[in-house]
Amino acid sequence: GLGGIPLACRCDDAYVVRELRRRKQRDEKPFAVMCRDVECAREICLVSEDEEKILDGFRRPIVLLRKKRQGLEHISENGFIGVMLPYTPLHYLLFGDDIDMLIMTSANLSDTPMMYRNDEAVEKLRGIADGFLLHNRDIQTRCDDSLCWVLGGAEYFSRRSRGYVPFPITVGEELPPLLACGAEQKASFCLSKGSYVFPSQHIGDLKNFETLENYTGQIKHFQRLFDIRPQAVVCDLHPDYMSTEYASSIAEEESLPLIKVQHHHAHMAACMADNGQNGSVIGLVWDGTGLGTDGTIWGAECLIGDYSGFERFGSILPIPLIGGDRAVKETDRVAFALLDASGCDTGSIEKAEIYKAVLDSGLNCPVSSGMGRLFDGVAAILGIKTLCSYEGQGAVLLEAAAAEDEEVYPFALEGTPLRYDWRGTIRAICADIKAGVGTGHIAARFMNTLIEMAVRQCCAAREASGIDVVALSGGSFQNMYIMSRLPGRLEKEGFRVLRHRRVSTNDEGLSLGQLMIAAAKLEK
């Protein structure tokens with residue numbers, strides 16, 4: 001192994017793959033496949049010239065490729081399969097005469113770091129692995145496989161890790177030595193030295209001790225490796241993130257300034273830095289959750305600003321989350337809230353009466369302007385997914401369901417901030433369901449509506465500010481249906497569009513933005 005120990009099995013036997021899922025406690029989340037060569041990958045996926053170049057490049061990331069045919073749900077339930085090619089001599093030896101591809105996934109239990117020490121693997125993988133093939137050369141640093149789409153001929157990262165880390169990225173200006181601690185989901189950190197910034201490899205979600213230990217250990221490793229002694233520490237505005245607690249403790253222990261940065265401002269700044277943009281931008285930031293400056297949950301934001309500050313120009317009508325965090329997994333709760341607010345029939349929701357009572361009481365029903373929650377709710381209304389086993393599952397499956405369709409649903413933009421009122425859209429979706437319109441067409445029309453809403457919101461922001469540069473960031477822009485259409489629509493309206501190129505568009509990339517904002521604050 002290089003970076004960690006994988007679990008491998010044949011992928012042509014659905015029973016074997018399902019057994020691995022059971023043992024690893026990974027019920028539905030897609031597995032990656034290692035193929036012998038590019039021709040083997042073409043047997044199951046469409047591979048463009050640009051995708052082949054990156055798939056076969058020396059960095060060997062997992063490339064998300066479109067399925068060639070329906071099926072293969074035991075590997076991936078959506079429209080993509082993550083494919084990589086061998087990147088160590090041992091991998092080549094595994095592919096004998098009768099094996100062309102293997103499931104290759106991190107050796108761990110779900111939500112814990114990948115194992116990279118032989119003794120740990122032998123102890124903790126008993127009952128999961130049937131056998132062990134270990135090396136007498138120890139792996140020195142844990143580092144997961146990188147994961148990307150290919151967009152515009154280049155990597156568009158979901159996970160920037162092995163093959164790309166610890167190579168620095170340049171930001172075109174001298175920065176003081178800083179440590180930015182990222183957020184909680186898809187945690188990362190970032191260190192600066194001169195004109196170089198060192199984003200960490202993929203760490204995972206900071207929700208258990210094992211991941212936190214890996215996170216803190218990697219920070220110390222990077223500081224030693226690059227001889228960086230931070231002059232300030234940066235973190236998210238959310239007080240309950242483990243990364244925020246860590247940043248606070250380090251700042252206190254070492255008597256360093258602690259700078260807190262709003263989540264979506266950090267996303268916008270990350271995209272700016274990723275593209276070498278120093279002037280002001282319109283930041284279109286769509287994700288699931290981030291604490292706003294007003295104490296509410298933000299997540300579908302149209303911001304105007306730069307590294308030094310921002311104005312919240314636009315958002316969406318907030319969505320009640322019945323039961324708080326439970327609504328993230330039990331997405332029929334979000335579906336009920338959308339239907340109820342839109343005056344639609346809620347009879348299709350099994351626990352409608354219970355949800356109505358909770359909603360009317362107002363107990364544990366925080367509101368969220370998260371784009372991820374809107375996707376969750378619509379996916380549940382369409383019956384695509386009502387109980388999610390991994391983050392963003394409803395949104396991923398809704399994207400996969402989309403058919404070819406150009407129609408746009410009704411919507412309104414009103415108020416300050418300029419909010420997308422989704423109630424007209426939900427009513428139109430319900431009317432289409434009643435009329436027997438196919439799920440794929442409804443999914444496409446919903447996403448078309450979001451694209452048109454975004455364009456109109458950005459046009460209004462340009463009219464108010466005179467700015468014609470749009471930065472796209474946030475986990476919801478991992479949707480390739482939207483990313484293959486929205487940038488072009490914005491360009492037709494005369495905007496210059498910035499998207500992520502060197503760091504991930506999801507929360508993993510925002511530590512770069514935190515760092516740039518902190519540098520601007522210290523400069524003052």
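Author: Contact here means heavy atoms within 4.5 Å. The model is a predicted one. By that cut-off, L398, E399 and A401 of helix 13 meet G440, A443, F446 and M447 of helix 15. Sorted by kind, the residues of this contact are 5 nonpolar, 1 polar and 1 charged.

The two helices cover residues 393–401 (helix 13) and residues 439–465 (helix 15). Their axes come within 8 Å and cross at roughly 110°. Angles of 65 to 115 degrees count as roughly perpendicular, so helix 13 is roughly perpendicular to helix 15. The crossing of helix 13 and helix 15 is also left-handed.

Next come the strands. Strand 14 spans residues 297–306 and strand 15 spans residues 309–316. A hairpin through 2 residues joins strand 14 to strand 15. The two strands pair in the antiparallel sense, with 5 bridges between them. One of the bridge pairs sets L303 against R312 in strand 15.

Strand 15 has a further partner in strand 19, residues 418–421. Strand 15 and strand 19 run parallel and are joined by 3 bridges. Here I316 has Y420 of strand 19 as its bridge partner. Strand 15 therefore pairs in the antiparallel sense with strand 14 and is parallel to strand 19, since at least two bridges are needed for two strands to pair. When following the side chains by eye, keep in mind that in a regular strand they alternate between the two faces of the sheet.

How values were computed. Residues are numbered from 1 along each chain as its sequence is written. This is a predicted model: local features need pLDDT of at least 70, side-chain atom pairs count only at pLDDT 80 or more; totals for chains, interfaces and linings use all residues. Side-chain values use heavy atoms; hydrogens and water are left out. Axes are lines fitted to C-alpha atoms, for helices over the stretch in contact, and angles run from 0 to 180 degrees between N-to-C directions. Helices (H or I, at least four residues) and strands (E, at least two) are DSSP runs, numbered from the N terminus. Angles under 35 degrees count as roughly parallel, over 145 as roughly antiparallel, 65 to 115 as roughly perpendicular and the rest as oblique. A crossing is left-handed if the near helix is turned anticlockwise from the far one by less than a right angle, and right-handed if clockwise. Ala, Val, Leu, Ile, Met, Phe, Trp, Tyr, Cys and Pro count as nonpolar, Asp, Glu, Lys and Arg as charged, and the others, Gly among them, as polar.
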